[in-house]
Every structure is written in C-alpha cells, then in structure tokens.
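Good morning, and thank you for making time for this presentation. Please look at the sequence and the structure on the screen, and I shall then walk through them part by part.

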Amino acid sequence: MEHEVLIGTVKNKNQLKVNLEEKFYHIPSAVVPKEMLPVKYIALYLPEGTFGEDDGCIRFYGKVKSISCIKRKEITSLPSVNGEMNYYRFDVEEWKSLAAPIIRECGGVYAKAFTSLEKLLSAKKLSDIINTKRAVARKIKNCGFKTKELAKIEVTKDPVGVKLLAKRINKAAGKEKILPVQITKYLLEKGYLRIVFDEKTKTENRMPTDKGIGLGIENFWEINKYYREYSKNYYGEAAQRFIIEHLNDIILITANEAYKNR
C-alpha cells in the first residue's frame, strides 16, 4: 500500500522526546485528508537545523495501535496555544529505529507525506520515497496567482510600504496568499535589497542596492511610537509592478524553502 505509512514532521527536540517516551504522534486533522486514513505506521521526520546530528532524516517508525481525533489541549504533556484545534493522535505499539536513517540530500517533508512500509524500510534517501518536485508543483498550483487576480491588484504612483502592498495583493486574491517577509526575501535573493547593520540603532536593515534604487525602491528613516528610529523601504509604481509580475516566482521560492524545512 502506497499510503500505509504517514511520515510526520517533528518540530523540536522536546516534541521528539515526548512522542518517543509516550509512544504517540499528533498532527492537525486538517492536514491529513480523510481518504488517506487509516494508516498502519507512523514515521518521524526530523527537519534540518533542529536536531544536531539527526538533522534532516527519518530515524524512527512505529506500528499504529489506535487513532483518535481529539482537541489539542488534551495533549497535556505538550502544551499549545492551539488548544481548541482538532488533532489526530496516533498511539503506537513501540518506536523502532531504522537500520540506517533515511537522509535528506535535498528537499524535505513539509508537514506530512505518505509512503509504503516496503519503501520506508529500503530507502536510503528521502528522494527514494518522496517526490518533492511534484509537491512543490502542487503548492504552486494551489497557491499561485491567476492572471485575473494579478489584474485586480491596486498599483499607485505614490510609493507604498511592503505591508500595504501585501495587503493589496491579498485583497485582490480574496485570501492571504503572500506575506511581506516573502516579498522582502525575494528582493534580497535577487539583489534588489541588501542587509546593512546600522551602528547607531544596532539593527540589521534591508536597504535598496543600486539595482533596487533603479527599480524605484527608496529608503527612509522614520520614528516609531516609542520615539525610536527605524528604517523603512517604500516601493514606487515601477517597483510595485515588478513585484506583482513576479508573485509566482516569490511563491515558488517560498514553496521550495518550505520543503527544505528551514
């Protein structure tokens, strides 16, 4: 069976400790399609950058003993602010270690994935069991911007901050599809912004490069409500249009990053 194993992501060392000691795994019910249940096994993916020598691998798996749908607050050993959310709790008979961890050479597991027990036990790399390229393509299809949505986005001659620009974009889409930080990250990666440390305020600021200034990005120092100086970028008409034209590229970068679990 291709879906007999649910590969679930573990957020941190404390969750891993509790899951292993209490022999269970939990995941928001909204994340797991009902048609994919029941599963017979759970495997734990440890994302990159959190688990030291165990970073970016699958090391543990267990046979499912029972599945229950509960409120998140019922998992008292791992408190959460999402207490009223519905979660699936998978109790396992015992956790076993794979003969050798399945390592992440590229890509990763975003929230969850499914595979067969045969593939899980024979895999050496994540790419042996997970098609991350297809997962990213699906993310783009579901979250990308359609032409009619792009046409609705308000563009003004007056420069705007990135928060207002993101708000206009999401209003045209009818839901939140983009965050200001995603736009900023894209502009940094493409060389329109750069990080500059300011000795006066002791802060890292995103400042326009010559390339960014040519696009119409301007930087100003302003005063916040606590009378502290801070740096803010404003995007002129040309810069607004550039960002709108490249929204799906921004989504693509974000999707790839999500599947790398950074």
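Predicted model: local features only at pLDDT ≥ 70, side-chain atom pairs only at ≥ 80, totals over all residues.

In which helix is the place of Glu21? Glu21 sits in helix α1, which covers residues 13-22. Helices here are DSSP runs of H or I with at least four residues, strands are runs of E with at least two, and both are numbered from the N terminus.

Residues are numbered from 1 along each chain as its sequence is written, and side-chain values use heavy atoms, with hydrogens and water left out.

Let me begin with the whole chain. The protein chain has nine helices and ten strands. Of its 262 residues, 46% count as buried; buried means under 20% relative accessible area, exposed means over 50%, and partly exposed lies in between, with a 1.4 Å probe and protein chains only. The chain exposes about 15100 Å², of which carbon and sulfur atoms supply 51%; these areas come from the Shrake-Rupley method with a 1.4 Å probe, and for residues only the protein chains shown count as cover. A contact means heavy atoms within 4.5 Å. Among contacts between residues at least 6 apart in sequence, 61% join residues at least 24 apart.

I return now to Glu21. Is this residue buried or exposed? Glu21 counts as exposed because its relative accessibility is 53%. Glu21 and Trp95 are 74 residues apart in sequence, yet their C-alpha atoms are 9.1 Å apart in space.

Helix α1 also leads us to a sheet. The helix lies across β1, β2, β3, β4 (57-71) and β5 (86-103), and runs at about 125 degrees to β2. Angles run from 0 to 180 degrees between N-to-C directions, and axes are lines fitted to C-alpha atoms, for helices over the stretch in contact.

In what order do the six strands form the open sheet? The order is β2-β5-β4-β3-β1-β6, and the pairing is mixed. Two strands pair if DSSP finds at least two bridges between them. The edges are held by β2 (24-28) and β6 (112-115); each has a single partner strand, so one side of each is left without a neighbour in the sheet. On average, neighbouring strands of this sheet are turned by 35 degrees against each other, direction ignored.

Strand β3 deserves a separate look. Strands β1 (residues 5-9) and β3 (residues 41-46) pair in the parallel sense over five bridges. Val5 stands opposite Tyr41 in β3, and Thr9 stands opposite Tyr45. The strands β3 and β4, in turn, run antiparallel and are joined by six bridges.

Why is β3 largely enclosed by the rest of the structure? Six of the six residues of β3 are buried, and therefore the strand is largely enclosed. In a regular strand, side chains alternate between the two faces of the sheet. In β3 both faces are covered, with Tyr41, Ala43 and Tyr45 buried on one side and Ile42, Leu44 and Leu46 buried on the other.

Let us turn to the nonpolar cores. A nonpolar core is a set of buried Ala, Val, Leu, Ile, Met, Phe, Trp, Tyr and Cys residues joined through side-chain atoms within 4.5 Å. The largest has 25 residues, of which Ile178, Ile183, Leu187, Ile243 and Leu247 touch the most other members. Two or more residues come from each of α5, α6 (180-189), α8 (237-245) and α9 (247-260), and α5 gives the most, with six. A second, separate core of 19 residues includes Ile27, Phe60, Val92 and Trp95.

In α6, Gln182, Ile183, Thr184, Tyr186 and Leu187 are buried. Just after this helix, Gly191 takes a positive phi of about 85 degrees.

Helix α5 (residues 162-173) also holds Lys171, which counts as exposed because its relative accessibility is 72%.

Ser231 counts as buried because its relative accessibility is 17%. Its side chain makes a polar contact with the side chain of Asn219, at 2.6 Å. A polar contact is a pair of N or O atoms within 3.5 Å; within protein, one must be able to donate a hydrogen and the other to accept it, and residues adjacent in sequence count only if both atoms are side-chain atoms.
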